[in-house]
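Some comments on the model follow, as numbered points. They go from single residues to the chain as a whole and back again.

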Amino acid sequence: MLYNLVKYTEEKWIKKLHYPSFCSGDTITVFFEIKEGEKKRIQSFKGVIIKKQGKGLTKTFTIRKISGGIGIERIFILNQPSIKKIEVNKKGKVRRARIYYFRSLKGKKARVKS
């Protein structure tokens, strides 16, 4: 009974947008809206997916990119209302679901096979 109630509530709040399917190792660009005072603008974040986790309303994914020689990771909630669009730039071939080892690689070794 409780399980059905939770499932019904989740279905009610889950975003009805259909994003392309992606998995670990893929390079994607996430376009999301930022509010600065009264202004709104759309910013993009392009990087490699390190992991996906959760289900339903709590589904999240982590993206990593290198900016100025420093690694930056950002966690996005898939049903977040500020996410406007997700583009899959390149499909990657990795053998693990969570590629944490990717954090310690630098240079050419930090590339994912396509």
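1. Leucine 78 sits in the loop that links strand E4 (70-77) to strand E5 (83-90). This is a predicted model, and in it leucine 78 counts as buried because its relative accessible area is 16%, under the 20% cut-off. Beyond its neighbours within four places in sequence, leucine 78 is in contact with Tyr19, Phe22, Lys59, Phe61, Ile83 and Ile86.

2. Leucine 57 belongs to another loop, the one between E2 and E3. At 30% relative accessibility, leucine 57 is partly exposed. Its contacts, again leaving aside residues within four places in sequence, are Glu10, Trp13, Ile14, Ile77 and Asn79.

3. On confidence, the chain has a mean pLDDT of 88, and 95% of its residues reach 70 or more. Among the elements, helix H1 (residues 2-13) has the lowest mean, 73, while E2 has the highest, 96. Where pLDDT is low, predicted coordinates should not be read in detail. Two of the contacts of leucine 57, Glu10 and Trp13, carry numbers that fall in the range of helix H1, residues 2-13.

4. The secondary structure consists of 1 helix and 5 strands, in the order α-β-β-β-β-β along the sequence. The C-alpha trace spans about 50 × 40 × 20 Å along its principal axes. Of the contacts with a separation of 6 or more, 51% are between residues 24 or more positions apart.

5. Which residues of the largest nonpolar core touch the most other members? They are Phe22, Ile28, Val30, Phe61, Ile63, Phe76 and Ile86, out of 14 residues in that core. Strand E1 (27-36), strand E2 (39-53), E3 and E5 each give two or more residues to this core. E1 gives the most, with 4 residues. Apart from this core lies another, of 5 residues, including Val48, Ile50, Ile99 and Phe102.

6. Lysine 52 counts as partly exposed, at 37% relative accessibility. Not counting residues up to four places away in sequence, lysine 52 touches Phe22, Cys23, Ser24, Thr60, Phe61 and Arg98. From lysine 52 to threonine 62 the C-alpha separation is 6.6 Å, for 10 residues along the sequence.

7. Is threonine 60 buried or exposed? Threonine 60 counts as buried because its relative accessibility is 14%. Its place is in strand E3 (residues 60-67). Setting aside neighbours within four places in sequence, threonine 60 is in contact with Lys51, Lys52 and Gln53, and also with Ile75, Phe76 and Ile77.

8. With neighbours within four places in sequence left out, isoleucine 75 is in contact with Thr60, Phe61 and Thr62. The C-alpha atoms of isoleucine 75 and arginine 64 are separated by 9.0 Å, and the two residues are 11 apart along the chain.

9. Some totals for the whole chain complete the note. Of its 114 residues, 29% count as buried. The accessible surface comes to about 8,600 Å², and carbon and sulfur atoms account for 55% of that area. The chain has 30 positive and 8 negative charges, and the mean positions of the two sets are 10 Å apart.

Note on methods
Residues numbered from 1 in each chain as written. Predicted model: local features only at pLDDT ≥ 70, side-chain atom pairs only at ≥ 80, totals over all residues. Heavy atoms only, no water. Buried < 20%, exposed > 50% of the residue type's maximum accessible area, 1.4 Å probe, protein only. Contact = heavy atoms within 4.5 Å. Areas by Shrake-Rupley, 256 points an atom, 1.4 Å probe, with all protein chains shown as cover. Lys, Arg positive; Asp, Glu negative; His and termini not counted. Charge placed at Lys NZ, Arg CZ, Asp CG, Glu CD. Core = buried A, V, L, I, M, F, W, Y, C linked by side-chain atoms within 4.5 Å. pLDDT = per-residue confidence, 0-100.
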